[in-house]
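Here are my notebook entries from a first look at this structure.

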Amino acid sequence: MANIKSSKKAIKVIEKKTSNNHELKARVKNLIKDCDKAIAANDKEAATKLFADTQKYIDQAVSKGFIKSNTASRQKSRLSQKLKDMK
């Protein structure tokens, strides 16, 4: 454990950032899975809504540097193609 006050504060800040980062990464992964499930179930309305949310959170993850832009583009492209094929 750190003894210096600024080090203690830095540890708290890092823990908070790590927690937020984990939540966003988990949210993106779960949204992708949920969107795939909705597409597999042929639920057009739910899949379209989930796809919009998924795109939003993928873009947020890219802006924060969690996901590379090419990876995000690939994920969005694959989801959109599945959505088009469903229709």
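**Ground rules.** I counted two residues as in contact when they have heavy atoms within 4.5 Å. I took helices (H or I, at least four residues) and strands (E, at least two) from DSSP runs, numbered from the N terminus. This is a predicted model, where local features need pLDDT of at least 70, side-chain atom pairs count only at pLDDT 80 or more, and totals for chains, interfaces and linings use all residues. Residues are numbered from 1 along each chain as its sequence is written, and side-chain values use heavy atoms, with hydrogens and water left out.

**Entry 1: helix α3.** I began with α3, whose buried residues pack against α1 and α2. I call a residue buried under 20% relative accessible area, exposed over 50%, and partly exposed in between (1.4 Å probe, protein chains only). By that rule A72, K76, L79, L83 and M86 are buried in α3. Looking down the axis of α3, I found these buried residues within an arc of 85 degrees, so they line one face of the helix. The arc is taken from the directions from the helix axis to the C-beta atoms. On the face turned away from the buried side, α3 carries the exposed residues N70, R78, K84 and D85.

I also checked the length of α3. Its 18 residues reach 26 Å from first C-alpha to last, close to the 26 Å expected at 1.5 Å a residue. The expected span is 1.5 Å times one less than the number of residues.

**Entry 2: K76.** Which residues does K76 touch, not counting those up to four places away in sequence? I found F51, Q55, I58 and D59. The side chains of K76 and D59 are joined by a polar contact of 2.6 Å. A polar contact here is a pair of N or O atoms within 3.5 Å; within protein, one must be able to donate a hydrogen and the other to accept it, and residues adjacent in sequence count only if both atoms are side-chain atoms.

**Entry 3: helix α2.** Next I ran the length check on α2 (residues 44-64): its 21 residues should span 30 Å at 1.5 Å a residue, and its end C-alpha atoms are 30 Å apart, which agrees. The buried residues of α2 are A47, F51, T54, Y57, I58 and A61. Down the axis of α2 they fall within an arc of 145 degrees, so they too line one face of their helix. What covers them includes α1 (5-40) and α3 (69-86). The exposed residues E45, K49 and S63 sit on the face of α2 turned away from its buried side. After α2 comes G65, with a positive phi near 85 degrees.

**Entry 4: T54.** Is T54 buried or exposed? T54 is buried, with a relative accessible area of 2%. Leaving out residues up to four places away in sequence, T54 touches L31, I32, C35 and L79.

**Entry 5: the core.** In soluble globular proteins, nonpolar side chains tend to be buried together. I used "nonpolar core" for a set of buried Ala, Val, Leu, Ile, Met, Phe, Trp, Tyr and Cys residues joined through side-chain atoms within 4.5 Å. The largest one has 17 residues, of which V28, I39, A47 and L83 touch the most other members. The elements giving two or more residues to this core are α1, α2 and α3. Its largest share, seven residues, comes from α1.

I then looked up I39. Neighbours within four places in sequence aside, I39 is in contact with A47, L79, K82, L83 and M86.
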